[in-house]
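Take a look at the chain below. This briefing starts with one residue, then turns to the whole fold.

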Amino acid sequence: YLPVLDHKNDPITNPNAFQVNTAMQRCLAKAISLMGLGLYIYAGEDLPEVTDYALAQKKIEADNPVLFREWLEEIGEERTNAVFNDAPKGEKVAFKNLFNEQIKKADVIIQSYHTQVSGSIEKGDPYGLAQLFDEIAKVSPNLRKRIWALLSAEEQKKARELSEVTNGKD
């Protein structure tokens with residue numbers, strides 16, 4: 001419910017589509033202003049700039065090292081270098097240490113899952129393997145492919161055989 005007004009702020013009894021649209025846009029502008037969105041524009045500031053450094057900080061704060069590592073691989077080496085260059089002076093060394101810590105954590109997680117998957121394959125445990133792959137999918141959609149690539153051809157063959165056991169039960 002919103003009023004459709006003319007230029008004198010008098011209600012229009014039979015508004016056309018343009019007048020309704022104008023009223024809706026006024027309503028949207030009011031709602032945005034009430035929430036403080038876009039306040040930086042009225043304060044004379046430019047649009048906030050999102051840097052790779054800021055994105056990296058958010059991804060590190062999300063506390064999923066595997067997704068952080070995948071993001072770095074996705075953006076490539078040039079933008080990864082820009083992440084360091086965008087860091088404010090005085091924070092570069094601390095950020096680089098945090099950055100490298102996340103990569104090490106991701107490597108430990110990947111290696112741990114690889115070891116667990118290899119162990120389930122070696123034991124011939126189809127349900128343990130299925131449970132591991134479900135858990136891996138929750139960490140990252142691409143992690144299963146990475147773990148799969150680390151397996152030997154013989155392990156991949158056995159894993160396929162084991163997955164047929166659990167796929168037949170679903």
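**One leucine and its surroundings**

Leu28 lies in helix α1, which covers residues 17-35. The model is predicted. Keep that in mind for every value here.

**Leu28 and the surface**

- Is Leu28 buried or exposed, or in between? Leu28 has a relative accessible area of 45%. Buried means under 20% and exposed means over 50%, so a residue in between counts as partly exposed. Leu28 is therefore partly exposed.
- Leu28 belongs to a nonpolar patch on the surface.

**Secondary structure**

- How many helices and strands does the protein chain have? The count is eight helices and zero strands.
- Along the sequence, the pattern reads α-α-α-α-α-α-α-α.

**Overall dimensions**

- The protein chain has a radius of gyration of 27 Å. A compact globule of 170 residues would come out near 15 Å.
- Along the principal axes, the C-alpha atoms fill a box of roughly 80 × 50 × 25 Å.

**Burial, contacts and exposed area**

- The protein chain has 170 residues, and 28% of them are buried.
- The protein chain exposes about 12,200 Å². Carbon and sulfur atoms supply 54% of that area.

Definitions and conventions. Residues are numbered from 1 along each chain as its sequence is written. This is a predicted model: local features need pLDDT of at least 70, side-chain atom pairs count only at pLDDT 80 or more; totals for chains, interfaces and linings use all residues. Side-chain values use heavy atoms; hydrogens and water are left out. Patches are made of residues with over 30% relative accessible area and no salt bridge: like charges are joined within 9 Å, nonpolar side chains (Val, Leu, Ile, Met, Phe, Trp, Tyr) within 5 Å. Accessible areas come from the Shrake-Rupley method with a 1.4 Å probe; for residues, only the protein chains shown count as cover. A salt bridge is a side-chain nitrogen of Lys or Arg within 4 Å of a carboxyl oxygen of Asp or Glu. Helices (H or I, at least four residues) and strands (E, at least two) are DSSP runs, numbered from the N terminus. Buried means under 20% relative accessible area, exposed over 50%, partly exposed in between (1.4 Å probe, protein chains only). The radius of gyration is taken over C-alpha atoms; the globule rule is 2.2 Å times the number of residues to the power 0.38.
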